[in-house]
Amino acid sequence: MCGIVGYVGTKDAYPLIIKGLQLLEYRGYDSAGIATYNGKLRVFKKKGKVKDLINLVKESSVPEGTIGIGHTRWATHGLPNDINAHPHLSGDGKLVLIHNGIIENYNVLKEALKKEGHEFISETDTEVLVHLIEETQKRTGLPIEEAVRVALTKVVGAYAIIVMDTDEPDKLVAARKGSPLVLGIGEDEFFIASDPTPIIEHTQKVVFLNDEEIAVVQRSGDFQIKDIDNRIQTPFIQELDMKIAELGKGDFDYYMQKEIYEQPKTIEDCMRGRVNAHEGWVMLSGIKEFSERISKAKRFIVAACGTSWHAGLIGEYLIEELARIPVEVEYASELRYRNPIINSDDVVIALSQSGETADTLAALGLAKEKGALIYGVVNAVGSSIARMTDAGSYIHAGPEIGVASTKAFTGQVTLLTIMAMCLGYERGTIPRSYYLQLIEELANIPSKVARVLENSKKIEYIAGEIKEATNALYLGRGYNFPVALEGALKLKEISYIHAEGYPAAEMKHGPIALIDENMPVIVIATNKSAYEKIVSNIQEVKARKGVVIAVVTEGDKIISDIADYTIEIPDTDEPLTPLLSVIPLQLLSYYIAVMRGCNVDQPRNLAKSVTVE
Ligand code: M6R
């Protein structure tokens, strides 16, 4: 939530920061703002997107200067409007600050500052922070980096901030706690951003700041990192391996569309070096170091949110079936607040695309305190969750920019499939012939996903038929039940059609009351086990005049005769079905959203990475 960018060096800051904000816009798009300094401070802020900010700047002259900061907002405190947009200024107008996070004790601080004569113009918690730093500076006479550090000792909450002091115009100060921040180190220049995407075009050398660290970067090329207790830290400088081309839309209209079509490749990337069909093995280096503890675990607990939680449910089915280890799948937000029973012989798996989701991070913190082994299944390299875990595996899906998660989901499911197979093999719970069959079939999945994608015209046609619906029901059994949940979430978040996912058999316990001729019911009906049961479910929907869209296995005649529309996917082993059956649902939501004129990549009220509670 919220994207922040800072630059100090020798180049024009404005274009660099604007480009950075465009790359970070997926993190929030309620308003955008920028401040640069060139002997004179210039601040522009505008409700809406970065393009609205650019238009505002066009009305006057482009701000000059080789130092600056910029922000794209996902509103928490205060409406999305020009006044609440960042940057925020101190009372004397000398300090400028941008912030991602929430200052929980902002009210107490605000009241105390008001008593000292501070006046506030916005409704934000962020403005309180910049006044607090100003007050600290006034009282102590400390240089800006020290004033920031001391002020932050009084703050409760989460923050990633960048501060510019017009009295010291050759330096930027950045700090983080609970919200991500990366420092890019160039030749006589520094970049600071919420994630590496605005940085990698300029330098691949980065430092991921840790919680409660404060960095000061100077035009001279010097930089220093301290912790909040004033201890100098040795920075861990990493070389990233990200390409700027990965960040573009290519020939696609939307990032989501591009990411859906990337899946044959991203699933393959996730399997690279981990699945070998010729030699008949799967391996996961992440579990090697702790293999004894992991394979002997009494229980796995998956902590995740949203789409990652759905992938976790599939993980439960896979691990329980193939490795016979009990699995519980928890919403991270619930796990962290309900005093759960977590033991030291449990393994807690964190699933997260961004690696920055606040609830998942907090749940992991709790699990760590209780002594469980923490395993991360993460996409974003170097992210907070990736750095917090004892062990883990990246899914290697590449940057996912569309707010609706697609390729990360199939990456997570692929990774969990490999994990379940590795553990099953090690624990002797999976017959060798079935193990080999699954390996061979897993290796075929990328080409089968490509075949599903070739079917997009038919899916687009079906989307046109149901695009006016106001409600939709998604049904699935077994491995396809979490896919039903995921299909419903995709439709909700990008097309604003209300949708519910249910285990098909649960329909008769309530949702069936909703079915009439206006209700599209999307049934994922590829199951071999309980096939007759799902056919009966479809009959029940048809008997109530519901419109059935069935995802079936190629060649299925029985369901094709009953359903209004069918979408065929290639045959595969049941545990691998979600990797194929989710693809038409992603495409269906995508086309419906496009036809309804929705902003597919930036749906209203959402942000890609949810770094607030
Ligand atoms: O980055 P994470 O995987 O931790 O994010 C979890 C959810 O916020 C995320 O999956 C969200 O539900 C997506 N918008 C779904 O498309």
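In the predicted model, an oxygen atom of the ligand lies 2.4 Å from an N or O atom in the side chain of Thr357, a polar contact in the sense of a pair of N or O atoms within 3.5 Å. The model is predicted, and local features need pLDDT of at least 70, side-chain atom pairs count only at pLDDT 80 or more, and totals for chains, interfaces and linings use all residues. Residues are numbered from 1 along each chain as its sequence is written, and side-chain values use heavy atoms, with hydrogens and water left out.

Five strands form an open sheet with parallel pairing in the order β19-β18-β20-β21-β22, helices (H or I, at least four residues) and strands (E, at least two) being DSSP runs numbered from the N terminus, and two strands being paired if DSSP finds at least two bridges between them. Its edge strands, each pairing on one side only, are β19 (327-331) and β22 (391-394), and the twist from one strand to the next averages 20 degrees. Strand β20 (residues 346-352) is joined to the parallel strand β21 (residues 373-378) by six bridges, with Ala350 standing opposite Gly376 in β21. Helix α14 (residues 407-427) packs on this sheet and touches β18, β20, β21 and β22, its direction making about 155 degrees with that of β20; contact here means heavy atoms within 4.5 Å, and angles run from 0 to 180 degrees between N-to-C directions of lines fitted to C-alpha atoms, for helices over the stretch in contact.

A second topic is the antiparallel sheet. Seven strands form this open sheet in the order β5-β6-β7-β8-β12-β13-β14, and its edge strands are β5 (88-89) and β14 (232-233), each pairing on one side only. Strands β7 (residues 157-165) and β8 (residues 171-177) pair in the antiparallel sense over five bridges, and Ile161 has Ala175 in β8 as its bridge partner.

Of the 16 residues of helix α17, 14 are buried, so the helix is largely enclosed by the rest of the structure, buried meaning under 20% relative accessible area (1.4 Å probe, protein chains only).

Technical notes. Buried means under 20% relative accessible area, exposed over 50%, partly exposed in between (1.4 Å probe, protein chains only). A polar contact is a pair of N or O atoms within 3.5 Å; within protein, one must be able to donate a hydrogen and the other to accept it, and residues adjacent in sequence count only if both atoms are side-chain atoms.
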